[in-house]
Amino acid sequence: SFVLTLFAVGTVGYVLTSVTAVLVALGWTLGFLESILFAILIGISCDFVIHFSHAYASLEGDALRGERTRFALISMGPSILAAAFTTFAAAMVMLFTIITFFEKFAVILFLTIAQSTIGSFVVFLVLVVCLGPSVPTRVVDQFLSRFVSKENSDKATDTPSPPSKCVLS
């Protein structure tokens, strides 16, 4: 769904902006190590939002936005919270290491998980419950139905081939 994609991109943008703002407030400058960590940040920030988006779109039929949001929250919410908790716990352990990379990675991981959780549970779900599509896969379904119906009509107009002989040995 184009609308769900826009909402997901906006939520990921929120996560990236908020984490960057906190890091600037902490006095970080962009060096080689921070550049690598920002590449990781982009991948991690997409995770929770994409899971909610998939769950929202996977409810079959023409359902109201509230039903779709409730389904996404009930089916994915506990898993996302468990993933957030375990990643947060891993970041807390890495905060106490001596190696600078792990220390900085822990800070970025902690901030990313915190903002991704807020972004997916608050920003994304509020957007889809207020403005989300009732049938998020309508465009793809229409395209596939036209493609499949055309393919079936092409097969129906072909001359049937004679049945092949089956020889058992």
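View 1. At 21% relative accessibility, Lys-104 counts as partly exposed, because the buried class ends under 20%. This value, like every other in these legends, comes from a predicted model. The side chain of Lys-104 forms a salt bridge with that of Glu-34, with an N to O distance of 2.3 Å. Since Lys-104 belongs to helix H4 and Glu-34 to helix H2, the pair ties together parts that are 70 residues apart in sequence. Glu-34, with a relative accessibility of 8%, is classed as buried. The count of salt bridges comes to one. Side chains of opposite charge can pair when their charged atoms come close.

View 2. Helix H2 comprises 27 residues, 32-58. A bend of about 30° occurs in H2 at Asp-47. The buried residues of H2 include Glu-34, Leu-37, Leu-41 and Ser-45, and also Phe-48, Val-49, Phe-52 and Tyr-56. Ser-53 and Ala-55 are likewise among the buried residues of this helix. An α-helix has 3.6 residues a turn, so residues three or four places apart point the same way. Helix H1 (2-25), helix H3 (65-94) and H4 are included in what covers the buried residues of H2.

View 3. Phe-121 is located in helix H4, which runs over residues 100-131. With a relative accessibility of 22%, Phe-121 is classed as partly exposed. Leaving aside residues up to four places away in sequence, Phe-121 touches Phe-52, Leu-73, Gly-77, Ile-80 and Leu-81. Of these, Phe-52 is listed among the buried residues of H2. The C-alpha atom of Phe-121 is separated by 8.8 Å from that of Phe-48, a residue 73 places away along the chain.

View 4. Gln-115 is found in helix H4 and is buried, its relative accessible area being 16%. Residues up to four places away in sequence excluded, Gln-115 touches Tyr-14, Val-15, Ser-18 and Val-19. With Ser-18 there is a polar contact, side chain to side chain, at 3.3 Å. The C-alpha atoms of Gln-115 and Leu-16 are separated by 8.5 Å, although these residues are 99 residues apart along the chain.

How values were computed
Residues numbered from 1 in each chain as written. Predicted model: local features only at pLDDT ≥ 70, side-chain atom pairs only at ≥ 80, totals over all residues. Heavy atoms only, no water. Helix = DSSP H or I, 4+ residues; strand = E, 2+ residues; numbered from the N terminus. Buried < 20%, exposed > 50% of the residue type's maximum accessible area, 1.4 Å probe, protein only. Contact = heavy atoms within 4.5 Å. Expected span 1.5 Å × (residues − 1). Bend = angle between axes of the 7 residues up to and from the residue. Polar contact = N/O pair within 3.5 Å; in protein donor to acceptor, adjacent residues only side chain to side chain. Salt bridge = Lys/Arg side-chain N within 4 Å of Asp/Glu carboxyl O.
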